[in-house]
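Please look at the sequence and the structure together before reading on. The paragraphs below walk through selected parts, one after another.

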Amino acid sequence: MGNPKAFLTIPRQEAGYRPIHERITDFSEVEQTLNTSDRKLQASRCMDCGVPFCHWACPLGNRPPEFQDAMYKGKWEEAFQILSRTNDFPEFTGRICPALCEKSCVLQLSIHAPVTIREDEAAIIEAAFREGYIKPKHYPRNGKKVAVIGSGPAGLAAANQLNKKGYEVTVFEKLEYIGGLLRFGIPNFKLGKNIIDRRIRLMEAEGVTFKPNTEIDVQKLPEGFDAYCVCTGTPQARDLAIPGRDLKGIHFAMEMLAQQNRVLAGQTFTKEERIDARGKHVLVIGGGDTGSDCIGTSNRQGAASVTQIEIMPKPPVGDNPATPWPQWPVVLKTSSSHEEGCTRRWSLSSTKFIGKNGHVCGVEVEEVEWVPAEGGGRPVMKPTGKKEVIKADLVLLAMGFLKPEAPQLPPNAFLAGDAATGASLVVKCIAGGRKAAESIDRFLSPKN
């Protein structure tokens with residue numbers, strides 16, 4: 001490394017977010033960027049430790065010590081080349097990845113100030129686009145065709161890798177735009193859709209064919225292809241089957257998030273169709289990232305109040321002995337959306353929806369306790385009998401997704417992404433897409 005002791009004198013500096021009073025008035029990306037000089041200083045904090053746990057923790061096997069050393073020395077094109085060997089879409093992960101690498105950084109263990117790997121990654125790929133390091137490439141064709149079903153992160157990664165290997169790739173997407181979860185599930189304030197469009201244009205220029213508005217039955221795969229990569233995601237959200245579920249004003253989180261992204265893309269909806277939090281008391285059921293996205297969207301729509309409840313107990317603040325370094329720490333997370341305003345509560349189970357004139361107006365909840373199971377294992381939920389009603393004109397169900405049943409597929413069809421694993425991280429889906437591409441290549445081009 002150019003300066004192996006920089007971490008001793010240079011503190012961690014995050015780019016941070018735009019001011020709350022400004023960012024809640026629009027759907028532009030909330031995260032800011034550092035100038036080039038400060039970003040290089042942050043890269044210099046990488047201590048090139050003997051065992052790079054950041055590399056170990058990354059599902060893609062990214063190599064932060066290598067690309068950050070190049071970045072610190074001003075070799076931006078070299079940094080891009082190192083990063084792009086393992087990651088097809090750093091512009092996505094650099095914005096929305098929870099950065100498993102940073103939680104396993106040795107500086108996280110020693111001083112709770114890991115290297116800003118995620119932000120450095122985003123800076124490298126943006127510099128690559130800005131400086132023209134990225135140009136469409138044309139790959140020799142091998143005469144074989146592969147169909148990719150689904151255009152989420154796994155499908156795009158599989159298509160990108162297969163195209164580079166010389167296959168003629170066609171990506172089928174049932175919805176009107178390409179991008180899957182990236183397009184419809186992630187708010188623009190976390191990932192601007194112009195970032196997706198930029199990558200799609202590049203892939204098209206390199207030979208990938210995209211066919212939106214084309215729904216494919218995976219039990220009847222289209223003819224004319226030598227292999228198939230099925231990346232259909234986890235379409236079934238977890239429901240809440242309690243009394244009053246049929247009341248109006250209760251929606252799955254993805255219904256709201258996808259509709260808002262469509263509105264920002266120029267689509268229009270009737271008053272009856274529109275899921276709008278303006279002037280309403282919003283209750284988000286589910287404490288994960290999707291619930292957080294609903295909070296940010298509701299505040300931007302002008303909600304009167306936002307409350308988020310979670311059935312699990314409140315995670316510990318800071319360190320958690322149950323998930324020690326270098327594992328991913330199960331601790332309290334406060335997102336940019338949480339900072340913008342909401343009430344957060346834990347250990348609450350929803351028992352029934354309360355309505356007035358056919359529309360939801362509240363949710364009855366009961367406090368629960370989590371009792372350790374005998375002999376270990378998952379704790380047992382114990383109702384306490386303490387009930388109350390939370391006022392809510394709009395309820396958003398953000399309790400995760402059901403793992404899809406694996407379809408019966410022919411030998412030349414491969415599952416990837418959430419369709420194979422259940423709901424997961426974008427970075428893991430990209431890794432799954434890359435792995436599926438390798439499997440397809442081995443299947444179609446067996447080495448003797």
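This is a predicted model: local features need pLDDT of at least 70, side-chain atom pairs count only at pLDDT 80 or more; totals for chains, interfaces and linings use all residues.

Residues are numbered from 1 along each chain as its sequence is written, and side-chain values use heavy atoms, with hydrogens and water left out.

Helices (H or I, at least four residues) and strands (E, at least two) are DSSP runs, numbered from the N terminus. Of its 15 residues, 13 are buried, so helix 10 is largely enclosed by the rest of the structure; buried means under 20% relative accessible area, exposed over 50% and partly exposed in between, with a 1.4 Å probe and protein chains only. Just after helix 10 comes glycine 132, with a positive phi of about 80°.

Glycine 207, which follows helix 13, has a positive phi near 115°.

A nonpolar core is a set of buried Ala, Val, Leu, Ile, Met, Phe, Trp, Tyr and Cys residues joined through side-chain atoms within 4.5 Å. The largest nonpolar core has 41 residues, and those with the most contacts inside it are Leu156 and Leu182. Among the elements that each supply at least two residues of this core are helix 7, helix 11 and helix 13, and helix 18 gives the most, with nine residues. Leucine 156 touches Phe89, Phe92, Ser151, Ile178, Leu182, Ile200, Met203 and Phe210, not counting residues up to four places away in sequence; contact means heavy atoms within 4.5 Å. A second, separate core of 25 residues includes Cys46, Ala79, Ile82 and Leu107.

Two helices can now be followed where they meet helix 10. Axes are lines fitted to C-alpha atoms, for helices over the stretch in contact, and angles run from 0 to 180 degrees between N-to-C directions. Helix 6 (residues 76-86) and helix 10 pack at about 115°, with their axes 9 Å apart, and they are therefore roughly perpendicular to each other. Angles under 35 degrees count as roughly parallel, over 145 as roughly antiparallel, 65 to 115 as roughly perpendicular and the rest as oblique. The axes of helix 3 (residues 36-44) and helix 10 come within 10 Å and cross at roughly 130°, which makes helix 3 oblique to helix 10. Arg39, Gln42 and Ala43 of helix 3 meet Glu119, Asp120 and Ala123 of helix 10.

Two single residues complete the tour. Threonine 234 is found in the loop between strand 4 and strand 5 and counts as buried at 12% relative accessibility; its contacts beyond four places in sequence include Phe401, Leu402 and Pro404. Phenylalanine 443, in helix 18, is partly exposed, with a relative accessible area of 38%. Leaving aside neighbours within four places in sequence, phenylalanine 443 is in contact with Pro411, Asn412 and Phe414.
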